[in-house]
Amino acid sequence: MAKKIAKFSKVSYMQFREGYLDVFGECEEEKLRQIYDALLLPRRATAGSAGYDFFMPVTVRLAPGETIKIPTGIRAWMEPDWVLKCYPRSGLGFKYRLQLNNTVGIIDSDYYGSDNEGHIFAKITNDSNEGKTVDLPAGSGFMQGIFVEYGITVDDEVTEIRNGGFGSTTKR
């Protein structure tokens, strides 16, 4: 039986609002609240699935070569020594060459407590070289996350504490 080491939840409405407005611009407050309320937590499709499907908060159409940042509205608490690795859903990658811009998203266990509440974003590109436009309806799966346990070196003495989002651990 697999270890139960994590839990998904939504970020606060205000955190989602900030991320959404940064990406999509102005939106009526009532409409934005409806989008937030409709957010789906990631889930596995079958008992044998390793990946948790992440779902689109809004409908997006990506022509070949287009890129968009997706505020998922989701955060992931997990036990220490675990990481959430995010990949495009395989069918979308196969059909459209849909890619995550950083190839594999790495969500560290301490990201949950960061200033942005651990809000998971995904930047995706339709890298189709066959001229295919991809439609991603609101509520459709676009990315999958897999929890993986990791180890550290015997001489590792890191004591730094995260206080920030994307790229914060390399700022000195």
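Strands here are DSSP runs of E at least two residues long, helices are runs of H or I at least four residues long, and both are numbered from the N terminus. Two strands count as paired if DSSP finds at least two bridges between them. This is a predicted model, so local features need pLDDT of at least 70 and side-chain atom pairs count only at pLDDT 80 or more, while totals for chains, interfaces and linings use all residues. Residues are numbered from 1 along each chain as its sequence is written, and side-chain values use heavy atoms, with hydrogens and water left out.

- β2 and β11 run antiparallel and are joined by 4 bridges.
- Across from Met143 in β11 you'll find Phe54.
- As background, strands of a sheet pair through backbone hydrogen bonds, either parallel or antiparallel.

**A glycine in β11**

- Gly145 lies in strand β11.
- Gly145 is buried, with a relative accessible area of 0%. Buried means under 20% relative accessible area, exposed means over 50%, and partly exposed is in between (1.4 Å probe, protein chains only).
- Leaving out residues up to four places away in sequence, Gly145 touches Ala50, Gly51, Tyr52, Phe54, Leu84, Lys85 and Cys86. Contact means heavy atoms within 4.5 Å.
- Gly145 and Phe94 sit 51 residues apart in sequence, and their C-alpha atoms are 17 Å apart in space.

**The three-strand sheet**

- Another open sheet has 3 strands in the order β4-β9-β7, with antiparallel pairing.
- β4 (67–71) and β7 (98–100) are the edge strands, and each pairs on one side only.
- The twist in this sheet averages 30 degrees from one strand to the next.
- Between β4 and β9 (residues 121–126) there are 5 bridges in the antiparallel sense, and Pro71 has Phe121 in β9 as its bridge partner.

**Helix α1**

- Helix α1 (residues 13–24) packs on the three-strand sheet and touches β4 and β9. The direction of α1 makes about 165 degrees with that of β4.
- With 12 residues, α1 reaches 16 Å from its first C-alpha to its last, close to the 16 Å expected at 1.5 Å a residue. That expected span is 1.5 Å times one less than the number of residues.
- Tyr13, Gln15, Phe16, Gly19, Tyr20 and Leu21 are the buried residues in α1.
- Their cover includes α2 (29–37), β4 and β9.
- Just after α1 comes Gly25, with a positive phi of about 80 degrees.

**Rings and charges**

- There are 8 aromatic pairs. Rings of Phe, Tyr and Trp (its six-membered ring) pair if their centres lie within 6.5 Å; planes under 30 degrees apart count as stacked, over 60 as edge-to-face and the rest as tilted.
- Phe8 and Phe147 have ring centres 5.6 Å apart and planes at 45 degrees, so this pair is tilted.
- Phe8 is in strand β1 (residues 6–10) and Phe147 in β11 (residues 141–149), so the pair ties together parts 139 residues apart in sequence.
- Both Phe8 and Phe147 are buried.
- Tyr13, Phe16, Tyr20, Phe24 and Tyr36 are linked by ring pairs into a cluster.
- Lys10 lies over the face of Tyr36, 4.8 Å from the ring centre, and the charged end of Arg33 sits over the ring of Tyr13, 3.8 Å from its centre. The rule for this is that NZ of Lys or CZ of Arg is within 6 Å of the ring centre and within 35 degrees of the ring normal.

**Positive phi in loops**

- Asp81 is in the loop between β5 (74–78) and β6 (82–88). The phi of Asp81 is near 70 degrees, a positive value in a residue other than glycine.
- Asp81 is partly exposed, with a relative accessible area of 41%.
- Glu117, in the loop between β8 and β9, isn't a glycine either, yet has a positive phi of about 65 degrees.

Technical notes:
Axes are lines fitted to C-alpha atoms, for helices over the stretch in contact, and angles run from 0 to 180 degrees between N-to-C directions.
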